[in-house]
Amino acid sequence: MGRFRIDPWLGRRWVVQLGPCSCPADGLTYAENSDVSTRSRRGRVPDRSRLAGRGGDAPRSPLRGREQEMLQLTTAIDSVISDGSGVTLLRASAGMGKTTMLASALEQAQRHQWRTLVVAPDVASRSVPLAALLDAVAGEQFGVDVAELERTLGSSEAPYWFTRAFSEAIQRSAMDEPMLIVVDDLQWLDAASAAVLASLVQGLEGEQIAWLFATRTGAPSAAHLRLIRLAEAHHSVIDLGPLSHEAAVAVASDLLGSPPGPMLENSLERTSRIPLLIVEMMRGLRDEDLLVQHGAAIESSGDHVPSRFGASSRERLTHLTDTALRFLQIASLIGRRFRLVDVLDVLGMTTRDSADVVEELVQSEVLADVGDHLEFVHDTLREGAEATLTPSLKRGLAREVVRVRLAAGDPVGAIASTLIDAAEPGDEQSFTLLHDAALSLAALDAAEAARLATEAVRLARDVPRFAAPAAELVPLLWAGGFAEQAERSIEVLTPYLRHEERAQTLLSLARQQTASSFETAIRTVDSALTIPGITRSTRTELLAVRALNAANKADPVELRDTLAMAREVADPDVDFLALATIDATESVFEFNNGRWTSALALIEQALSNIERAGLRPNLWAPEGLWLAFLRNSMGHPEAALALTDAGRSEASSSRNAPVEAYWQMVRSRALFDLGRLDDARLQAEAVLILAEELGLEDFAQATAGIVLAKIAVHTGDRALAASIAPVIRRLADGAGVTRAGRWTLAYIAMDEGRTADAFELSALARSSLADPIPPMTTPVDFADDLVLMEILLAADDTAGLTLLEEVVTRRAAMNPTELLPAAVRDAVLGRLRHDPSLLAAARAALHQVDRPLVRARVREMSAIIDDGDAVAHLEEALSIYEAAGATRDASRVLQGLRSRGVQRRFAQNERSELLSARETQVLEKLVDGATTQQIADALFVSSHTVVSHIRHIYSKLGVNTRKGLVQQYADAPLRLKSGPGATR
């Protein structure tokens with residue numbers, strides 16, 4: 001198996017006889033001598049033919065002027081053998097040679113027996129979710145069940161299933177040999193495919209996979225930016241600029257077959273040494289007979305440049321015959337790749353009639369014949385052909401292209417851009433197609449769905465019969481970031497909507513706005529409530545959404561009033577879903593007001609209403625999670641864990657990935673509260689990976705993200721703290737869960753001894769301590785009161801401490817049968833009043849509560865107050881921390897013991913093993929050659945949990961790749977011990 005190396009041909013010159021240019025449109029080509037045949041050893045078309053303009057077997061000339069870039073590229077790719085997977089990005093404007101460098105990398109990969117895969121989206125790919133990935137494996141023996149994946153298309157969970165399928169197939173391939181995965185024209189890739197690729201890059205770390213992306217310069221979309229940042233994290237971004245003067249001359253020499261003379265060499269500067277323009281100039285000089293032989297050199301006849309030079313590809317096309325140009329104009333409306341039959345159908349030509357035209361375009365190096373389709377040699381040629389169309393002609397031809405492609409069964413998304421060009425206001429077919437395409441895209445690509453929705457609404461303007469379906473698209477505009485357009489659309493459509501239709505439109509919009517702006521959502525609902533004559537059920541749904549946003553906004557007065565109005569309007573025998581939302585919202589409100597019994601009754605009632613509506617409570621997310629969160633916050637994490645396991649199991653059996661992810665978020669919190677820090681970390685890391693695939697980052701970061709931050713505090717894991725810090729900062733700087741984010745920063749600051757920072761960061765928590773909202777962690781963790789107390793003591797904030805006393809006392813009094821609030825009250829009062837008996841009462845209560853870390857903290861507090869038994873208290877705290885793996889906490893207690901003359905070391909128990917029992921199981925299966933999914937199936941865990949295990953194994957053993965693990969541990973005992981002599 002070979003490594004990547006720069007081959008001698010990079011600097012070698014060879015001659016192409018003067019005649020039709022044989023190099024691609026960007027002027028840079030690849031190896032002359034290749035041991036890779038037209039079909040690879042696997043019997044398939046070489047992957048380089050998938051790249052733009054790479055069809056056929058045209059003669060090839062050497063790569064010029066990119067020696068340093070190719071060295072950087074091949075070094076980065078080669079490093080995956082020793083360092084595991086890596087990501088490289090090629091970035092440049094059109095015509096700089098990105099695709100040529102990709103082709104060169106692919107040829108070298110195939111020569112060295114690497115497996116390759118190419119994803120090559122077209123301009124039309126933006127509106128066809130995941131089509132680029134399906135095209136990449138179409139007809140391949142790649143281990144992906146294309147038919148099965150096609151059945152998931154249109155579902156919001158499709159990226160999740162694509163990620164699973166591609167991960168398994170790629171991992172199998174990379175076990176046998178290194179693999180190069182290329183994505184050309186990243187800028188055209190749809191958002192769902194970009195999300196899948198980002199998940200694959202992160203989930204397949206350590207496999208021998210080189211990822212190579214190429215994109216144009218310019219502002220990337222959010223989806224593409226994620227991939228670009230992965231390359232930046234690997235410090236492997238190659239920006240291509242103009243060639244050097246020497247390289248430009250070498251390219252010209254290759255094209256001409258002889259070196260250029262002095263005048264022609266000077267003329268090359270007019271190309272700005274951009275490869276594409278060098279080719280254009282040489283081709284133009286040749287076609288206009290402006291080249292003459294002067295000895296061994298080729299010279300221009302005078303200080304001339306081609307008449308068409310400088311007018312871009314558009315002007316080049318004007319030298320074609322009229323029929324050829326019309327052929328290209330129609331093809332440009334289809335995309336970079338197209339079927340010959342589609343163009344002929346629009347032209348009304350037969351295949352025989354088109355033979356001369358196609359031959360002319362191929363000979364002119366405008367098109368390449370790839371066998372089953374034709375394609376433009378370069379995107380600039382397609383763009384130039386489209387630019388030659390007048391607006392009226394473009395609309396007319398676009399309508400014909402739409403007709404032909406619909407008849408051929410092409411997906412609506414694939415022709416969306418052509419539809420936009422063809423459609424005029426009142427065009428019913430175009431409106432319907434754009435409307436349906438926007439709705440189908442909404443779950444996978446909000447921005448592209450909004451773009452299509454904008455055009456559909458434009459077509460509906462002043463067309464009454466389109467108003468109601470157009471109104472369905474208004475929420476999509478908001479979701480895609482077109483807030484002003486959404487509001488204008490409502491104004492435009494309102495005159496043609498019935499009262500109920502308008503109210504339903506505003507209801508849908510308010511639901512969408514709930515995710516980003518509580519105030520805006522309430523205003524939208526209030527606007528809908530003023531519409532006369534709307535039905536009772538719609539009014540109930542509106543009030544339910546209003547109540548939810550009032551709760552999110554933490555406005556208790558507005559929430560109480562809205563709940564009262566909603567219950568007055570709702571029919572308990574009909575409005576099950578609306579009442580479920582109302583009940584769940586009021587349950588949260590009651591809990592935050594300290595009325596826990598009422599909160600429990602309300603959420604049980606909400607779940608009952610969900611069942612009455614014919615739905616399954618465990619699949620009602622996120623509201624259905626509240627009972628588990630509630631039980632956990634009350635001090636019953638074991639009960640919460642049982643609820644989460646039941647919910648997670650039901651979601652898994654229903655193949656409902658988003659709901660399963662929600663349950664895993666709750667589970668990470670319950671495990672943390674139980675003191676199972678290793679399990680909590682594993683669950684939290686796994687669910688953050690899953691949430692990113694499913695677009696649930698905000699909720700996951702506010703739950704699992706904060707769990708990881710607190711675990712980092714308790715364990716002193718600096719790497720974990722550094723990795724999760726940006727997440728916590730985003731929460732703190734955001735709008736939705738600012739309190740939780742800022743409180744977590746205060747929690748961290750207090751642990752690090754930055755008491756002044758902790759006090760400042762806790763300002764929001766202190767100001768809302770007595771309000772019926774979670775002032776700190778969300779959902780509330782009453783153990784945070786103990787940390788807040790230490791912050792207030794350090795700041796000598798007497799008023800704040802007095803308020804804290806009042807809050808914990810009132811909470812315990814309102815819930816007399818619950819042990820956790822009583823324990824927190826007694827701990828706070830005992831610490832502040834220096835009362836050992838109150839601390840003893842707190843300890844006694846906590847012995848009946850499943851919160852070991854809280855129990856240990858109270859033991860530490862007792863050592864401060866009860867000096868006579870301080871050693872016993874610290875010994876007990878140390879024992880708890882060691883059992884939980886809370887290393888930093890244990891170190892702090894050890895220092896306390898040493899200050900009292902007690903010399904202790906960490907207990908030597910099963911935690912001294914370098915790998916946990918589960919990690920050892922995973923390692924054994926890795927060494928045996930199992931894939932991530934196979935390991936997950938064997939151990940009855942999620943694939944994301946296995947990914948987290950593998951990352952921990954790599955970190956603990958100091959190995960970067962699966963191959964390295966196999967080499968080092970295939971014959972070694974897998975119960976690895978830490979300490980002197982341990983294998984690392």
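Biologist: At what angle do the axes of helix H13 and helix H14 cross?

Modeller: In this predicted model, the axes of H13 (residues 322–334) and H14 (residues 340–347) cross at roughly 120 degrees and come within 10 Å. Axes are lines fitted to C-alpha atoms, for helices over the stretch in contact, with angles running from 0 to 180 degrees between N-to-C directions. Helices (H or I, at least four residues) and strands (E, at least two) are DSSP runs numbered from the N terminus.

Biologist: What does that make the two helices to each other?

Modeller: H13 and H14 are therefore oblique to each other. Angles under 35 degrees count as roughly parallel, over 145 as roughly antiparallel, 65 to 115 as roughly perpendicular and the rest as oblique.

Biologist: Which residues meet there?

Modeller: From H13, Arg326, Phe327, Ile330, Ala331 and Ile334 meet Leu340, Asp342, Val343, Leu344, Val346 and Leu347 of H14, contact being heavy atoms within 4.5 Å. By class, this contact has 9 nonpolar, no polar and 2 charged residues. Ala, Val, Leu, Ile, Met, Phe, Trp, Tyr, Cys and Pro count as nonpolar, Asp, Glu, Lys and Arg as charged, and the others, Gly among them, as polar.

Biologist: Turning to the sheet, in what order do the 3 strands stand?

Modeller: The order is S8-S10-S9, in an open sheet with antiparallel pairing. Strands S8 (337–338) and S9 (367–369) each have a single partner strand, so one side of each is left without a neighbour in the sheet. Two strands pair if DSSP finds at least two bridges between them.

Biologist: How many bridges join S9 and S10?

Modeller: S9 and S10 (residues 374–376) pair over 3 bridges. Asp369 has Leu374 in S10 as its bridge partner.

Biologist: What about Asp462, buried or exposed?

Modeller: Asp462 counts as exposed, at 53% relative accessibility. Its phi is also positive, near 60 degrees.

Biologist: Where is Pro779 found?

Modeller: Pro779 is in the loop between helix H38 (763–767) and helix H39 (784–795). The peptide bond from Thr778 to Pro779 is cis, with omega near -10 degrees.

Biologist: What should I know about the basis of these values?

Modeller: Residues are numbered from 1 along each chain as its sequence is written, and side-chain values use heavy atoms, leaving out hydrogens and water. Local features need pLDDT of at least 70 and side-chain atom pairs count only at pLDDT 80 or more, whereas totals for chains, interfaces and linings use all residues.

Notes. Buried means under 20% relative accessible area, exposed over 50%, partly exposed in between (1.4 Å probe, protein chains only).
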